[in-house]
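Hi,

Here is the structure I promised to pass on. Please open it first, then read my notes below.

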Amino acid sequence: MALWLYVARRLAVLVPTLFFVSVLIFSLQQLLPGDAAVALAGEENDPAAVAAIRARYHLDRPIPVQYGLWLGRVLQGDFGESLRSRIPVRELLASKLPVTIELALCSMAIALLIGIPAGIVSAVRKGTVVDAAANLLALSGLSVPHFWLGIMLILLFAVRLGWLPASGYVTPWEDLGRNLTTILLPSFVLGTGVAGVMMRHTRSAMLQTLGADYVRTARSKSVPERLVVLKHALRNALIPIITLGAIEFGRLLSGAVLTEQVFAIPGFGKLLVDGVFNRDYAVVQAVVLVSAGLYVLLNLGADILYFLANPRLRGST
Amino acid sequence: MSATPVVFAAPAVAVGRRYKAARQLARRPAAMIALAVVLGFVLVALAAPQLAPFDPTAIDYRAIRKAPSAAHPLGTDEVGRDVLSRLLWGARASLLAGVIPVTIAVALSVPLGLLSGYLGGWVDGLIMRINDAMLSIPFLIVAIALAAFLGPGLGNAMIAIGIAALPTFVRLVRGTVLAIKTEEYVEAAQALGCSRRRVALRHILPNTLPALFIQVSITVAAAIIAEASLSFLGLGQQPPAPSWGSMLNAAQRYLSQAPWMALYPGLMIFGIVMALNVLGDGLRDALDPRYQ
């Protein structure tokens, strides 16, 4: 099957999915107790403000009409404005998203640097103490509540040792050095969980490829073991790991919610949490919608990578 | 939580097979230790009133942020409450938050997954499109958004987590049903004239259980972390009732003065989640034919 056909098919499935995502997110509003206009107005009990919101969101119209009007605005990139700051939500999204993407990229780098080598060593030394230790570490990375790990690392590296700042964020354009010191701990915290997943998948993929015929052939031709592991086994094991990486990247974007909260990083997650506490529902809806959109696109990207990396799929219809 | 659930054709669960799986599980020391740890947590939660040395909500302004001592083995918090007592009582919130959302998810997903997988057609199409939509919003974000719109509180947090966990279960049950539907014994039952309802409930449902068990153990762990996360954000358990997540929320403000407030609740969450994950791995090894 040609790549474009594959992508077109996947996109065709995405349209109904995204339609239902938008319905679900719109329906959140219906969960608000009592009069939605009053709830949306937040702390402003001014009847004029409530009336303005009722008019703006057409809350006096039937629900399907409200949905249609809401979707129409969203499709034009109009997510409304923050009730708190009166800033258009679109601008808020544009300023916060890059911070979270930087955090997710750094976390992914840390996860790859820990997870893949640990997975390789663990597979090569299967059944040894090294393997058991790597497995235990991976399981710990998967089980530890990240926000708590963040608090503990702040306690150690910021409060006790004073090596790194406890919280805050500086953009790379202002001061790259300080940017890296502020992003290091949160990236490590977020990266540990993904490192655990990466390690486990690398290990099982490597165990499969190490047992494959072409590896046995390579060994029988007395190819050096190092080359067998890194060239023959790892290269083939990487296919599922690349796909996993794209999916995990999507999950990092959401995992950032609590980490950003702990380290006071003004990113996407903090925007969501602040939106929740300020009862700024337009912001909450927009963040959820954009997260879902990004997640869907990353999954599509993962599928395309998998398709490209796996020649057998291209042969099938 | 795992984004891609384990979907496999379950073997026919005869009674003998079930014993075999239990024996397989018993032969794994790590899984047995994990099971003992989980049961230990359950006992602690049940016996919290007897075990706790103090009332978990009793404020004592003479003992604010006291370091661990003989009177308060794990110290006191910002209003002089005993950390140990709050930890023991907090186990209740955490375990409930692990069990109830998963019960909600299983109770809703089994009928939906059975309908979707067994009936097929437009019913399947509709259920799966909505399910895909729910799956495409990350788990914690669904839980936070739902909890935000429902309003803060442990009950609403549990409902939110249950709904957030639902789509993974629906996809798992449907996938398993699709795999089992073509098995010979199902075709035989249909050929013998069993009603659709009987085939679904007597022949298909029992065989989805192994996959479901594995997913339950993983999801209970994820739900406990999710409750702790929501409570940490202030969307779950409300003060003064104790929960490990809300204890961490308070602890964050006194990190340099009272680090013990942050240490122990996190260790408890880590302990129970690790035990559940090890148990989940053991169950998968014992029940999933691909791992045997």
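Keep in mind that this is a predicted model. Start with confidence in chain A. Among its elements, helix 5 (residues 89-124) of chain A has the highest mean pLDDT, at 91. Helix 13 (residues 311-315) of chain A has the lowest, at 61. For chain A as a whole, the mean pLDDT is 84. In that chain, 96% of residues reach 70 or more.

Next, the make-up of chain A. The chain has 13 helices and zero strands. The C-alpha trace of chain A spans about 80 × 60 × 35 Å along its principal axes. Chain A has 317 residues, and 41% of them are buried.

How enclosed is helix 7 of chain B? Of its 28 residues, 21 are buried, so the rest of the structure largely encloses this helix.

Helix 9 (residues 196-233) of chain B is worth a look for its packing. Two packed helices are described by the angle between their axes and the distance between the axes. The axes of helix 9 and helix 11 of chain B come within 9 Å and cross at roughly 165 degrees. An angle over 145 degrees counts as roughly antiparallel, so helix 9 and helix 11 of chain B are roughly antiparallel to each other. Their crossing is left-handed.

The other partner is helix 10 (residues 244-251) of chain B. Here the axes are 7 Å apart, and helix 9 of chain B packs against helix 10 of chain B at an angle of about 40 degrees. That makes helix 9 of chain B oblique to helix 10 of chain B. The crossing of helix 9 and helix 10 of chain B is right-handed.

Is B:Asn131 buried or exposed? B:Asn131 has 23 C-beta neighbours inside 10 Å, so it counts as buried; the cut-off is 20 or more. B:Asp60 is 71 residues from B:Asn131 in sequence. In space, the two are 49 Å apart, C-alpha to C-alpha.

Best wishes

How values were computed
Residues numbered from 1 in each chain as written. Chains lettered and ligands numbered in written order. Predicted model: local features only at pLDDT ≥ 70, side-chain atom pairs only at ≥ 80, totals over all residues. Buried ≥ 20, exposed ≤ 12 C-beta atoms within 10 Å, placed from the backbone. Helix = DSSP H or I, 4+ residues; strand = E, 2+ residues; numbered from the N terminus. pLDDT = per-residue confidence, 0-100. Axes fitted to C-alpha atoms, helices over the stretch in contact; angles between N-to-C directions. Parallel < 35°, antiparallel > 145°, perpendicular 65-115°, else oblique. Left-handed = near helix turned anticlockwise from the far one by under 90°.
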